[in-house]
Amino acid sequence: MRIHVRAGRLDPGRNGVQVVGALEGERRPKALLPRSLGRDRTLSQLVAGAGFRGTLNDTAFLPQGRRWVLVVGLGKAEDLTLERARQFAGTAVRTVRARGYAACTLPVLKERFLGSPQAVAQALIEGAWLGLYRYDRLRKVPAEESRKRIDAITLVVERPGEVAAARHGAARAQHVAEAVSLVRDLINGPSNLVTPTALANEARRLARRYRLRCRVIPFAQLKRLGFGGIVGVAQGSAHPAQFIVLDYRPARAKVTFALCGKGITFDSGGLSLKPSAKMEQMKYDMSGPAAVLGTVKAAAALRLPVRIVGIIAATENMPSGTAQKPGDVLRTLSGKTVEVLNTDAEGRLVLADCLHYAKRYRPDCVVDLATLTGACIVALGHEATGLMTKDERLAARINQAGKVTHERVWRL
């Protein structure tokens with residue numbers, strides 16, 4: 001998909017749609033256009049005449065001359081945020097695609113609640129790119145559906161002097177969205193394809209593309225090196241465990257972050273077998289490593305000035321004649337012994353090895369990403385991610401990052 005940024009008219013060109021936003025709560029909602037274009041009274045009258053109120057993510061397709069204009073509701077002005085801008089773009093491109101158009105033009109919204117043109121452009125492209133995401137590589141897409149695709153998105157800023165900043169924001173958004181799409185692809189993939197070996201191969205692919213350091217420790221070597229936690233979980237599976245280290249180390253990096261991921265590519269519970277209902281969702285138990293790989297990819301693409309070491313313990317947790325049993329005692333990489341009372345408590349075992357391994361890099365910060373317990377969803381639902389740390393400064397920074405990206409956290 002091509003991304004363009006320019007100043008000037010909101011002209012969508014051939015086979016394109018002009019998109020504008022409307023605020024809620026106004027007697028005659030105004031289209032949010034760059035000020036250089038003025039307020040289009042005809043369009044405002046069309047919006048009002050259609051009974052469009054500007055409610056968040058509501059849409060109206062309206063004729064304007066020989067072209068069509070898509071109006072998307074932004075909600076109330078006082079609630080306008082970058083997340084609303086993302087939703088505005090996502091709603092717009094999905095609607096345009098569904099109508100069979102291949103291009104659209106979006107205004108870089110100029111409202112005091114939103115911030116700089118760079119931030120708004122980044123939010124718009126993030127929303128548009130991720131709003132178009134579909135995981136359909138394993139199904140036959142009907143011809144009519146496959147023809148409906150967005151080939152180009154154009155952002156229009158108010159002044160020529162804002163073009164460079166908006167282009168920078170759009171470029172950052174593209175790198176972020178590509179990384180998020182990789183994470184989604186890995187999570188959505190079935191466990192017979194997204195195996196520990198597949199995760200290791202993806203890490204190697206990223207290492208080749210971005211010139212990263214990558215080390216994969218195979219199962220036999222894990223046994224010899226004393227990774228008792230991950231070996232205990234992996235010994236019941238036909239797919240060998242893989243311990244993956246992906247190291248992004250730019251020149252002059254003064255800070256090191258270690259990201260540790262619980263990579264259970266399928267969690268049956270082991271001999272302490274899970275109930276069969278919704279067990280197919282246990283392919284998602286490798287979401288942490290998917291996020292680790294996506295984060296390292298984004299950091300390398302954006303050339304962030306910090307070192308990020310992604311450490312992934314990838315394995316299945318399966319029942320078999322060789323599986324660990326309740327009552328077994330394991331010796332983890334740190335030398336500590338653990339009695340296994342329930343084989344469905346496998347996450348803490350692989351993370352014990354993962355976190356101890358991270359110490360050798362002397363990181364300034366360690367973040368452990370894990371789908372560790374369904375009890376977190378019982379507590380927080382799907383509105384926020386559970387955050388646990390004793391570091392007040394780190395908690396505040398992660399909380400702020402969650403607000404900016406709308407990937408919100410709640411400290412437990």
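# A first look at this predicted model

In this protein, 73% of the contacts with a separation of 6 or more are between residues 24 or more positions apart. Of the 412 residues in the protein, 48% are buried.

- Five strands form an open sheet in the order 7-8-10-9-13, and their pairing is mixed.
- The edges of this sheet are strand 7 (213-218) and strand 13 (365-369), each of which pairs on one side only.
- From one strand to the next, the twist averages 15°.
- Strand 8 (residues 242-248) and strand 10 (residues 307-317) run antiparallel and are joined by seven bridges.
- To find one of these bridges, look for Asp 247, whose partner in strand 10 is Val 309.
- Helix 6 (residues 196-210) packs on the sheet, where it touches strand 7, strand 8, strand 9 (256-267) and strand 10. The direction of helix 6 makes about 20° with that of strand 8.
- Helix 10 (residues 347-358) also packs on the sheet, with strand 7, strand 8, strand 9, strand 10 and strand 13 as the strands it touches. The direction of helix 10 makes about 155° with that of strand 9.

- Strand 5 (residues 103-107) is largely enclosed by the rest of the structure, because five of its five residues are buried.
- In a regular strand, side chains alternate between the two faces of the sheet.
- Both faces of strand 5 are covered, with Ala 103, Thr 105 and Pro 107 buried on one side and Cys 104 and Leu 106 buried on the other.
- Strands of a sheet pair through backbone hydrogen bonds, in either a parallel or an antiparallel sense.
- With strand 2 (residues 16-24), strand 5 pairs in the parallel sense over three bridges; here Gln 18 has Thr 105 as its bridge partner in strand 5.
- Strand 5 also runs parallel to strand 6 (residues 152-157), and five bridges join the two. Leu 106 stands opposite Leu 155 in strand 6.

**The second largest pocket**

- The second largest pocket holds about 530 Å³ of space.
- Its lining is made up of 16 residues, and those nearest its centre are Arg 97, Trp 129, Leu 132, Tyr 133 and Arg 134.
- Helix 4 (143-147) and helix 5 (163-188) are the elements that give two or more residues to this lining.
- Sorted by class, the lining of the second largest pocket has eight charged, six nonpolar and two polar residues.

- Thr 265 is found in strand 9, and at 0% relative accessibility it counts as buried.
- Leaving aside neighbours within four places in sequence, the residues in contact with Thr 265 include Val 194, Pro 196, Leu 199, Met 282, Met 286 and Thr 315.

**Residues in loops**

- Pro 190 lies in the loop between helix 5 and helix 6 and is partly exposed, with a relative accessible area of 22%.
- Not counting residues up to four places away in sequence, Pro 190 touches Tyr 135, Leu 138 and Lys 283.
- Pro 190 and Ile 153 are 37 residues apart along the chain, and their C-alpha atoms are separated by 32 Å.
- Glu 407 sits in the loop between helix 12 (392-405) and strand 15 (409-411), and it is exposed, with a relative accessible area of 60%.
- From C-alpha to C-alpha, Glu 407 and Glu 383 are 8.7 Å apart in space, while in sequence they are 24 residues apart.

**Two positive phi angles**

- Most residues other than glycine have a negative phi.
- Arg 211, a residue other than glycine, has a positive phi near 60°. You will find Arg 211 in the loop between helix 6 and strand 7, where it is exposed, with a relative accessible area of 79%.
- Lys 278 is not a glycine either, yet its phi is positive, at about 65°. Lys 278 belongs to the loop between strand 9 and helix 9 (287-302), and at 57% relative accessibility it counts as exposed.

Conventions
Residues are numbered from 1 along each chain as its sequence is written. This is a predicted model: local features need pLDDT of at least 70, side-chain atom pairs count only at pLDDT 80 or more; totals for chains, interfaces and linings use all residues. Side-chain values use heavy atoms; hydrogens and water are left out. On a 1 Å grid over the protein atoms alone, a cavity is a set of points where a 1.4 Å probe fits but cannot get out, and a pocket is an open set with protein on both sides within 12 Å along at least five of seven lines; lining residues have an atom within 4 Å of a point. Grid points are joined across faces, edges and corners, and a volume is the space filled by probe spheres set on the points. Helices (H or I, at least four residues) and strands (E, at least two) are DSSP runs, numbered from the N terminus. Ala, Val, Leu, Ile, Met, Phe, Trp, Tyr, Cys and Pro count as nonpolar, Asp, Glu, Lys and Arg as charged, and the others, Gly among them, as polar. Two strands pair if DSSP finds at least two bridges between them. Axes are lines fitted to C-alpha atoms, for helices over the stretch in contact, and angles run from 0 to 180 degrees between N-to-C directions. Contact means heavy atoms within 4.5 Å. Buried means under 20% relative accessible area, exposed over 50%, partly exposed in between (1.4 Å probe, protein chains only).
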